[in-house]
Amino acid sequence: MAHIQLNNDAPGIRSLVLYRPDTGKPLYELAQALLRAGSPDSTLTDAERELIAAYVSGLNCTSFCRNSHAAAARYLYGQERDLVDQVLADPETAAVSGKLNALLVIARHVTEDARTVSEAVAGAARAAGATDGDIHDTVLIAASFCMYNRYVDGLATLTPTDPAAYEAMGERMGTLGYVLPKPH
Amino acid sequence: MPHIPLPPGIPGIRGPMNYSPETARPMNDLANVLLRTNAHHPDSTLSEGERELIATYVSSQNDCYFCQTIHGAVASHHLGDEDWSLVSAVKCDYRQAPVSEKMKALLTIAGSVQKGGKHVTAQQIDAARLAGATDRDLHDTVLIAAAFCMFNRYVDGLATTAPVDVPDFYRMRAAGVVANGYAASDPG
């Protein structure tokens with residue numbers, strides 16, 4: 001049960017933005033700008049952005065965000081959807097590009113302790129083909145999921161256990177993006 | 001040196017916000033609604049100064065120099081803490097600091113959020129309620145703490161720079177924030 005009275009039965013962050021659309025609006029706008037638009041020179045696809053979000057949420061042990069963004073990444077990857085579970089299991093052995101691998105290392109450092117994103121860590125991503133926008137967007141996706149994860153867990157919101165629930169969320173996120181839910 | 005080319009002379013988070021205005025806008029909107037607008041809601045008992053104090057405490061736990069210094073300066077401005085002794089006391093050991101029992105209980109929750117959302121316990125929530133915190137206060141405390149776990153990482157993850165040992169620089173910028181709020185454009 002959530003720590004505060006949310007007056008709705010939606011899961012995860014949806015329950016929080018329905019309860020407080022005033023803060024929900026900028027939170028969803030940030031997700032849309034980061035996970036769908038991105039910096040002008042960024043080479044990251046929407047699927048890769050969702051995968052970074054799911055990976056960080058996994059590191060933070062926030063199942064709701066991990067499972068929903070993993071489902072969105074699977075939907076967006078289409079035939080390459082197996083990459084998602086490979087990365088979540090172990091990014092080093094996953095069949096993803098050297099660039100994405102190096103960006104996932106940056107995301108892990110941001111999540112654990114952002115002061116440890118060293119010149120070497122950033123340089124490795126650049127050497128693997130990452131642009132300034134890729135590095136910027138990766139740092140902010142990881143940082144923002146350190147917020148979303150804490151918001152969802154810190155108020156003890158509802159986390160569905162049925163995988164089918166996440167599949168539906170993933171398809172919605174993959175097609176509509178981040179649109180503030182309307183109260184019923 | 002920052003990991004991506006940022007305009008020189010713009011400190012802390014303002015550099016990456018200048019680089020990426022599309023993400024800066026919702027981030028500033030979030031800061032304004034959480035740290036300023038909501039302080040004036042009838043069901044809120046948290047003042048702007050108290051909200052800034054929570055932001056400062058979380059930023060100090062994350063060891064983010066720019067965020068703890070600028071938000072500490074804004075908190076001090078609101079709270080009449082001219083020599084910054086109150087902010088220092090909260091960062092050092094808030095349990096011994098001259099703040100209300102409600103603030104101590106909310107800072108405990110903020111400290112848990114900083115470690116990870118699952119560290120917040122029902123006992124911590126109950127203690128804050130007993131000390132007078134409303135559901136709105138609890139929500140805003142958790143989201144302020146969570147948001148600063150983002151802002152701090154954005155600032156440090158890109159290795160931005162910030163002037164050190166120049167309290168008047170931060171006092172001046174704090175006065176600007178108190179007067180005008182958090183804006184996407186940097187006043188310089």
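Select B:Asp63, which counts as partly exposed because its relative accessibility is 40%, where buried means under 20% relative accessible area, exposed over 50% and partly exposed in between, with a 1.4 Å probe and protein chains only. B:Asp63 sits in the loop between H3 and helix H4 (65-79) of chain B, helices here being DSSP runs of H or I with at least four residues, numbered from the N terminus. Although B:Asp63 is not a glycine, its phi is positive, at about 55°.

Before going further, note that this is a predicted model, in which local features need pLDDT of at least 70 and side-chain atom pairs count only at pLDDT 80 or more, while totals for chains, interfaces and linings use all residues. Residues are numbered from 1 along each chain as its sequence is written, chains are lettered from A and ligands numbered from 1 in the order in which they are written, and side-chain values use heavy atoms, with hydrogens and water left out.

A positive phi is also found at A:Asn7, a residue other than glycine, where the value is near 60°. Look for A:Asn7 in the segment before helix H1 (12-19) of chain A; with a relative accessible area of 66%, A:Asn7 is exposed.

Return to chain B and select B:Gly49, which lies in helix H3 and is buried, its relative accessible area being 2%. Leaving aside neighbours within four places in sequence, B:Gly49 is in contact (heavy atoms within 4.5 Å) with B:Ala75, B:His78 and B:Leu79.

Next, which residues of chain A does B:Asn38 touch? Found in the loop between H2 and helix H3 (48-61) of chain B, B:Asn38 is buried at 4% relative accessibility, and it touches A:Arg20, A:Asp22 and A:Thr23 of chain A as well as residues of chain B including B:Arg51 and B:Asp140, when residues up to four places away in sequence are not counted.

Now display both chains together: 46 residues of chain B are in contact with 42 residues of chain A. B:His3, B:His139 and B:Arg153 supply 20% of the area that chain B buries against chain A, more than any other three residues. The two chains bury about 3500 Å² between them, 65% of it on carbon and sulfur atoms, buried area being the accessible area (1.4 Å probe) that two parts lose on being put together, summed over both.

Between chain B and chain A there are 5 salt bridges, each a side-chain nitrogen of Lys or Arg within 4 Å of a carboxyl oxygen of Asp or Glu. Select A:Asp153 and B:Lys118 to see a salt bridge whose closest N and O atoms are 3.0 Å apart. With 15 residues, H8(B) gives the most to the side of chain B that touches chain A.

Finish on chain A with helix H6 (residues 98-113), whose 16 residues reach 23 Å from the first C-alpha to the last, close to the 22 Å expected at 1.5 Å a residue, that is, 1.5 Å times one less than the number of residues. Among the buried residues of H6(A) are A:Leu103, A:Ile106 and A:Val110. The buried residues of H6(A) pack against several helices of chain A, including helix H3 (46-59) and helix H8 (132-154), together with helix H8 (135-157) of chain B.

Conventions
Helix = DSSP H or I, 4+ residues; strand = E, 2+ residues; numbered from the N terminus.
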